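Here is a friendly note to read alongside the model. Take a look at the structure, then follow the numbered points.

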Amino acid sequence: MLEIGVNHYLILSGILFSIGFMGVLRRKNLLMLFFATEVMLNAVNIAFAAIGNYYGDLSGQMFAFFVIAVAASEVAVGLGLLIVLYKKYGSLDLDVISSMKG
Amino acid sequence: METLVYIALFSPFVGSLFAGLLFGNSPRKMFTGWVASALIFVTFVSSVTLAYHVATVGAIHVQMMDWISAGDLSIPFGFVIDQISVTMMVVVSLVSTIVHIYATGYMDHDKSYNRFFAYLSAFVFAMMILIMSDNFAGLFIGWEGVGVCSWLLVGFWYHKADRPFEENPSISPSWAANEAFIMNRVADLGMLVGIFLIYWNIGSLQYDVVFDAMPHLADGILVSIAIALFIGAMGKSAQFPLHTWLTDAMEGPTPVSALIHAATMVTAGVFLVIRANPLYSLEAVHGVSMFIASLGTFVAFYAATMALIARDIKRIVALSTLSQLGYMFAAAGLGAYWIALFHLAAHAFFKALLFLGAGNVMHAMDDELDIFKMGGLKNAMRGSYIYMGIASFALAGLPIMAGFYSKDAIIETAFNEGTYIIWGMLVITAGMTAFYSFRQVFFSFHGEKRYEALGFHPHDMYKYVLIAMAPLAALAISFGWFMGYYKDFIYGLNETVQYEMSHTTHHWAWLLGSIVIALALTGIFLAWKKYAGEGENAWKRDEKFEASFIYKLLENQYYVPKFYDQFIVQPYTIASAKFWEFDKKTVDGTVDDLGKACLNIGDTSRGMQNGNLSSYLNWMGVGAMIIVIIAVISSVIG
Amino acid sequence: MDTILSILIFFPAIAGFVGFGITKGSAKIYGIAVATIELILALLLWMQFDTSNAGMQFTEKVALIADFGISYNVGVDGISLFIVVMAALITLLGIILLRPDTKNMKNMIISLLFLEMTMVGVFLTLDAIIFYLFWELSLVPMLYIVGAWGGKDRVYAAVKFFLYTFAGSLVMLVGLLAMAYLYHQANGVWSFSILDWYTLPLTEDQQFWLFLAFFAGFAIKVPMFPFHTWLPWAHGQAPTIGSVILAAVLLKMGTYGFVRFSLPILPDASVTFIPLIMALSLIMVIYTAMIAFAQKDMKQVIAYSSVSHMGIIMLGVFAMNAEGLGGSVFLMLSHGIVSGALFMLVGVIYERTGTKLMSEFGGLAAVMPIYATVFGLMLMASVGLPLTIGFVGEFLVLLGFYKISAIGTILAGSTIIIGSVYMLALFKKSFFGPVRHEKNLALKDLDKRELTALIPLVLIVVWLGVYPKPILGPIDNSAKHILTQMEAKAINPATKETIILSKKEAE
Amino acid sequence: MLEPVNISLESLNLVTLMPMLIAIGGGLLILCIDLFKDNIHKSFYVALTVLILLIDLMVTMGLNFGVEEKGFFQVLLIDGIAVLSQAIILVASMLFIPLALTSKRFHEYSYPEFFALFMFMIAGFQFMVSSDNLILIFIGLETASLSLYTLIAMHNRSNSFEAAVKYFTMGALAAGFFTMGSAILYGVSGSLELNQIATAISDRLNEPGIMILLLGGAGLLLTAFAFKLSLFPFHTWAPDVYEGASAPLAGYMSVVPKVAAFVVSMRIFEMFINLQIEWVQSMIIFLSVITMTLANLMALVQKDVKRMLAYSSISHAGFVMVAIALATDKSNTGVFLYYTLFMFTNLGAFTMLWVSRHKDRVHHERFDHPYEKFSGMIKIMPMGAVIMALFMLSLAGVPPFSIFWGKIYLMSATVDAGYLWLAVVMGLNSAIAAYYYLKLIVYMFLKEPTDAVKEEIVYYNVSKPLMVVLGFAVFVTVFSIFMVNPLIDYISTMLQASSFGI
């Protein structure tokens with residue numbers, strides 16, 4: 001049976017990151033956007049954990065933890081804004097909120 | 001003596017300021033004219049004294065102050081009083097004095113009487129500078145100065161409106177003035193170039209230094225200097241092809257024509273050549289001198305032909321001036337500088353007289369210029385009749401008259417130099433001269449009283465004016481008698497100015513002279529037969545002849561003015577307009593387009609700012625991808 | 001009196017600040033007072049000036065940004081001295097000529113005073129950055145003057161003027177910085193002092209590029225073809241005072257820049273570029289003169305004519321001999337006086353009739369004789385009639401440039417022909433012939449205010465035409481000085497022989 | 001099984017943490033005060049904030065700094081630029097926060113949370129600049145950004161919410177890039193300390209295939225910071241956010257976050273550049289050139305002054321970004337010089353906008369500050385017009401006003417580095433930029449006031465403190481020439497004692 005090495009993790013994280021990235025590019029719904037960014041961050045977390053383990057160095061994991069924390073707070077702020085917007089526009093479609101242009 | 005020089009120079013200036021600054025805008029004051037005339041007379045007196053001094057003691061050279069000094073160039077206000085300049089001074093001041101006095105009568109009804117005298121005296125001042133200066137720059141001051149004054153005086157009646165060329169060949173006084181100024185400017189450029197050449201090759205503009213250095217210069221340079229200076233001379237002395245302005249300049253008041261466009265200013269060119277005789281007599285520039293002579297001869301003939309059929313009394317005189325200038329250049333070109341100068345003086349006298357006489361006629365005929373409308377004025381205005389008769393005899397070069405000596409000498413010179421073509425043309429021209437000058441006399445004073453039909457009541461000029469003209473008449477008769485004295489006088493200058501006929505010429509002199517006289521007499525006789533008759537054999541217009549090509553050609557001055565209009569004036573105007581278009585559309589347009597382009601780019605690129613978050617994200621994401629891709633590629637490459 | 005230059009520069013500005021406190025009514029007289037004092041100071045400077053010394057005098061130096069070699073450094077020589085005096089004079093006369101009923105006179109006066117500071121500053125400063133500072137700053141009040149008191153397209157004209165010059169000068173700025181860098185490379189210290197730069201040897205390649213950079217700044221200001229199109233706009237729209245100062249002083253900044261920077265710092269490049277400069281200048285001289293002939297608007301004629309004259313000045317600057325250089329500097333002055341006067345005169349008739357179109361006039365000579373006389377005199381000065389101020393410079397420039405190129409001189413010399421063509425055409429159309437409009441018969445001749453503004457100029461035109469020596473002397477000294485510097489600094493023998501040092505060396 | 005780690009308190013060197021602690025503590029303090037006594041007037045909070053920031057500043061200046069001045073588990077690095085940039089950040093904050101004291105009431109300032117968040121944001125920035133550990137940089141960045149998003153949103157208009165969301169979302173994406181980039185670097189070097197990363201990279205520099213990772217990582221990081229610095233094409237958020245945010249905040253954003261981001265970019269990218277990875281350099285130059293040019297061109301066609309200023313500060317950022325690419329001492333000095341001077345001018349300009357802002361009286365259905373609003377101001381309030389004109393000229397880089405000196409210093413640095421063409425491009429860009437600054441001047445000085453403007457004074461909001469701020473801004477803008485030299489001295493000494501880009 002094959003040995004799961006660091007590369008597999010990195011590939012996984014790469015795939016995840018691209019998925020998230022695509023989501024960011026394609027999604028029109030604000031909530032989905034947030035999810036996509038979360039996916040990207042978590043992809044990074046995997047990479048950090050893997051690399052940290054590979055080097056036997058803690059700072060990777062540390063970074064991962066901090067990223068999680070930051071992600072959480074981002075969600076908090078993001079959802080706050082999201083709610084306000086929903087109150088204002090009654091929708092989370094990005095095409096609706098584009099009053100400022102030019 | 002120095003003070004005398006300054007008096008001679010500045011008293012006209014004082015007169016000009018007096019008339020101009022003090023009374024320039026005030027209503028007519030007769031005494032301004034008298035003051036001005038008196039001051040000019042002062043100049044005359046001092047000039048004569050100076051002439052005596054030059055003859056007895058020798059030339060005077062004074063330096064007043066520095067004018068321009070930059071780099072190695074230093075130009076002083078310096079004046080040299082030698083045989084040449086003093087001759088001119090005497091002639092100029094004498095003629096101007098008389099013209100001034102004449103003008104007090106002639107202009108007495110003009111509301112800008114004071115202004116007129118301001119200009120006239122200013123002109124004399126400028127002329128004096130021109131004559132007396134001891135360097136080329138100073139000469140140029142006077143050169144331009146007389147140009148401006150002639151501009152002011154020709155355009156004196158500036159209020160007259162433009163008329164089409166067909167009605168009036170010289171469209172209007174202001175037009176004629178501008179034409180004169182600009183045409184002279186063309187020549188002045190040549191003069192300036194000459195000055196530059198002299199400076200960079202010799203390092204000074206002082207006559208004495210320059211003429212001493214001349215012989216050591218390379219031929220090419222000498223030739224170019226000679227040509228450049230002569231171009232300048234051509235402008236002022238209205239030599240072909242820069243001659244058209246002179247006839248148009250007749251728009252000015254007649255005293256102006258008499259003074260500026262007959263006696264003095266137009267001879268400045270001749271004066272320049274004579275002044276530069278050490279240059280023109282050099283072997284290296286012999287070609288140029290020959291060219292001068294031939295051009296002069298050509299102009300003499302050319303102008304005479306036009307004068308044959310001219311109807312405008314002043315134009316006739318102007319054309320005769322032109323042709324006489326041709327004589328002078330012929331003489332100067334052939335190296336007989338002193339003869340040229342002598343003819344210049346003689347011509348100044350009788351031509352001024354002729355003009356003033358013509359002025360009287362105009363005055364009598366209420367400024368009518370067309371000789372076809374005149375005739376039989378001899379009883380109405382006897383004084384003028386006599387004067388014009390004398391002047392015309394002198395001009396025609398009949399014996400004992402001034403013209404006889406001076407002009408004959410020139411023709412002899414041509415013979416003496418062995419340039420027989422020139423000689424021949426000059427002789428023929430002499431004949432024509434006699435014809436057209438008397439044609440004009442007979443037209444105006446003999447024959448039917450054509451003016452009566454037109455309701456003119458001619459009356460002669462004021463007595464004092466006629467008396468004032470007497471000295472001119474006297475000189476027109478007698479000036480030639482002093483040729484011998486004058487020769488001794490001017491020979492004192494240097495040897496290049498000296499000129500002697502060879503023995504053969506002396507031997508044939510009587511024959512040559514009699515040929516000229518014969519031709520002149522035939523001319524007069526023809527004129528008499530054709531124009532002087534009364535009753536049944538009175539002159540009648542000859543439509544057939546007037547319709548002929550020759551007549552048209554001469555009437556239109558060989559179409560030279562038309563040519564200038566067609567091929568210089570109009571193209572220039574059109575080109576200017578085109579350039580303006582180009583400047584606005586293309587040159588300025590490109591600048592504006594650049595600005596517009598910026599704005600457009602801004603406007604289009606603003607499209608990315610469409611306010612939609614997802615497109616922002618796409619921009620960002622795509623940007624990031626591109627950067628990463630570039631990164632990968634470039635890392636793979638190198 | 002060692003600080004006289006600083007006083008000269010900053011007095012108007014301070015007066016301008018104080019001016020904010022002046023009441024509207026007394027604004028004009030305040031302006032006149034200040035400008036008079038400034039003029040007196042300038043004349044004092046002239047009195048004190050040691051005419052035998054060709055170098056910089058009254059120098060002051062205060063380090064501003066020591067680490068970067070920028071210092072407040074002023075000095076005056078024969079070239080800048082008279083331009084400064086003229087600037088002060090023209091400003092004064094311009095203020096005198098202002099109509100008492102000019103709208104918000106106060107702002108006008110204040111901006112004029114600031115403008116005067118910048119003008120004086122540009123000509124007196126010896127530090128490149130401070131020079132640039134005044135150079136740019138001069139745009140601002142001009143922008144306001146043109147834009148606020150101008151004609152109907154005033155905003156467009158003003159902005160065009162500003163941006164055009166600004167763009168050019170920013171390229172010049174790069175050149176200045178590069179210059180400072182090269183100096184730093186050579187000497188290990190930063191310095192923007194022009195005098196230091198004079199001593200810095202440069203390879204021909206460096207000179208080439210630096211020249212181009214400077215050219216961008218100066219040529220637009222001069223303005224040289226094809227960068228001249230802002231000028232007709234600016235003149236066409238500017239109020240009289242604006243045109244007067246623009247033509248008389250601001251344009252001279254460009255040519256002065258060439259004299260002060262390009263020639264002594266980059267002698268070899270200056271010689272290398274003579275053909276280009278000659279070509280452009282000749283186009284300026286002939287082409288713009290012809291355009292001037294095509295104009296219908298009096299003011300535009302004068303505007304284009306000044307472009308044409310600037311072309312002559314440029315030729316003189318690059319004549320590489322004392323005659324030409326001195327002549328061109330003198331021509332800067334005379335053109336300042338004459339074109340200034342002409343713009344004033346056009347302004348006078350414009351105030352009377354509200355139009356500048358020549359077709360509207362005709363026969364003015366009969367109606368306004370004094371006006372016509374003054375105009376005629378200025379016209380003759382502008383076509384370079386001897387014994388007027390206009391001749392001396394033009395003659396010397398052409399004389400000097402003849403050494404560089406005979407053909408070029410003959411072409412440039414055509415200015416005396418085509419110049420008189422458009423000028424006389426203007427004069428004929430508007431002053432000669434019958435009076436075309438009834439209402440013009442009622443026109444009043446020059447009044448006291450206008451005479452007080454114009455008579456001094458008339459006197460100067462005649463005085464300096466007859467006796468230019470007191471001005472030409474110092475100019476000549478400094479011109480020779482500059483040429484000696486160039487000759488010493490030049491690295492290319494060809495340059496050395498192009499530059500002609502006078503036998504009479506600057507004492 | 002890990003041994004218990006025991007660390008001596010001295011080794012923590014906690015004093016290095018003091019500045020951030022003060023800021024955070026200040027924030028908490030404000031919140032507590034609000035708990036005990038509510039609806040205190042905003043002036044109290046403003047005063048308090050200023051005082052706390054002042055203490056913070058003093059402490060920061062008091063820190064002894066150096067290349068080796070590490071602290072707090074070796075993650076904090078108090079070197080020259082750390083102190084310098086903190087000082088700039090604090091000063092800027094102290095200058096901008098008094099703008100809360102408008103005569104009219106704006107509702108965000110009535111919440112003490114505003115000031116608390118403001119404090120936290122500052123703390124975040126301080127963390128960001130004073131560390132070369134990617135984790136801490138990330139945390140600082142996020143802390144600051146998150147608080148900033150909220151502050152923007154607190155302006156409580158639909159526009160500000162929209163702005164906040166846009167900023168937030170793109171920020172999140174940028175965070176993703178940043179983390180991924182640092183992960184890659186981590187993978188390459190096995191460390192998150194920039195200086196160790198540098199050494200590690202320099203060892204492995206000539207391994208095959210390493211470049212892909214390096215450049216990829218660098219590219220991602222560049223993207224992240226290009227977003228922060230609003231470089232093309234990551235600038236799209238800036239105009240909207242500036243428009244949505246309140247004027248003081250917009251002004252603040254145009255300075256402080258940029259300074260912080262520049263410091264970090266110095267640390268990161270100059271490392272790459274000094275490792276002879278030219279790609280980074282040319283990439284940055286490319287980005288900065290097209291940023292300044294395009295931003296300028298877009299600013300030309302703006303109808304709203306605030307939006308125009310937004311674009312202008314984008315192009316200014318692009319202008320300064322050149323310095324990062326050059327990576328010379330002079331260019332780095334230039335960055336700080338430029339932003340110090342820029343700070344004052346922008347402070348002034350945005351304050352002028354701020355005082356003219358009004359909730360109900362709108363001149364334009366969409367914009368708060370259309371050009372028309374300022375037309376003919378010279379007639380209505382000459383002093384205001386002149387002051388605004390001063391700031392515009394300064395922004396346009398007309399000497400002797402402040403920004404000019406920054407401009408020539410940077411351009412000179414560019415010339416010294418041999419990039420003449422780049423210097424010319426920068427010059428021409430300033431020329432283009434002059435147009436839109438001039439446009440405002442034209443409106444103020446050369447146009448007649450519109451009726452809407454005529455009937456009531458433009459300046460609703462002006463109050464004593466604002467006047468003081470304005471006066472200060474004007475003073476510095478005009479007399480900056482005398483401050484440039486000491487500034488350059490101070491900055492360069494600080495830079496000597498800095499460790500970046502080894």
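1. Let us start with a term: two residues are in contact if their C-beta atoms, placed from the backbone, lie within 7 Å. Please keep in mind that this is a predicted model.

2. How many residues of chain B are in contact with chain C? On the chain B side there are 40, and they meet 47 residues of chain C. Four elements of chain B give two or more residues each to this side: β1 (60-70), α5 (136-154), α6 (173-202) and α25 (560-605). The top contributor is α6(B), with 13 residues. By class, the side of chain B that touches chain C holds 23 nonpolar, 9 polar and 8 charged residues.

3. Now for chain B as a whole. Its secondary structure is made up of 26 helices and 2 strands. Along the principal axes, the C-alpha atoms of chain B fill a box of roughly 115 × 65 × 55 Å. Chain B has 638 residues, and 58% of them count as buried. Among the contacts in chain B with a separation of 6 or more, 80% are between residues 24 or more positions apart.

4. Turn next to chains D and A, where 30 residues of chain D and 32 residues of chain A take part in the contact. On the chain D side, α6 (134-153), α7 (158-189) and α10 (237-244) supply at least two residues each. Which element gives the largest share of that side? That is α7(D), with 17 residues. Sorted by class, the side of chain D that touches chain A has 17 nonpolar, 9 polar and 4 charged residues.

Note on methods: Residues are numbered from 1 along each chain as its sequence is written. Chains are lettered from A and ligands numbered from 1 in the order in which they are written. This is a predicted model: local features need pLDDT of at least 70, side-chain atom pairs count only at pLDDT 80 or more; totals for chains, interfaces and linings use all residues. Ala, Val, Leu, Ile, Met, Phe, Trp, Tyr, Cys and Pro count as nonpolar, Asp, Glu, Lys and Arg as charged, and the others, Gly among them, as polar. A residue is buried if 20 or more other C-beta atoms lie within 10 Å of its own, exposed if 12 or fewer, and partly exposed in between; C-beta atoms are placed from the backbone.
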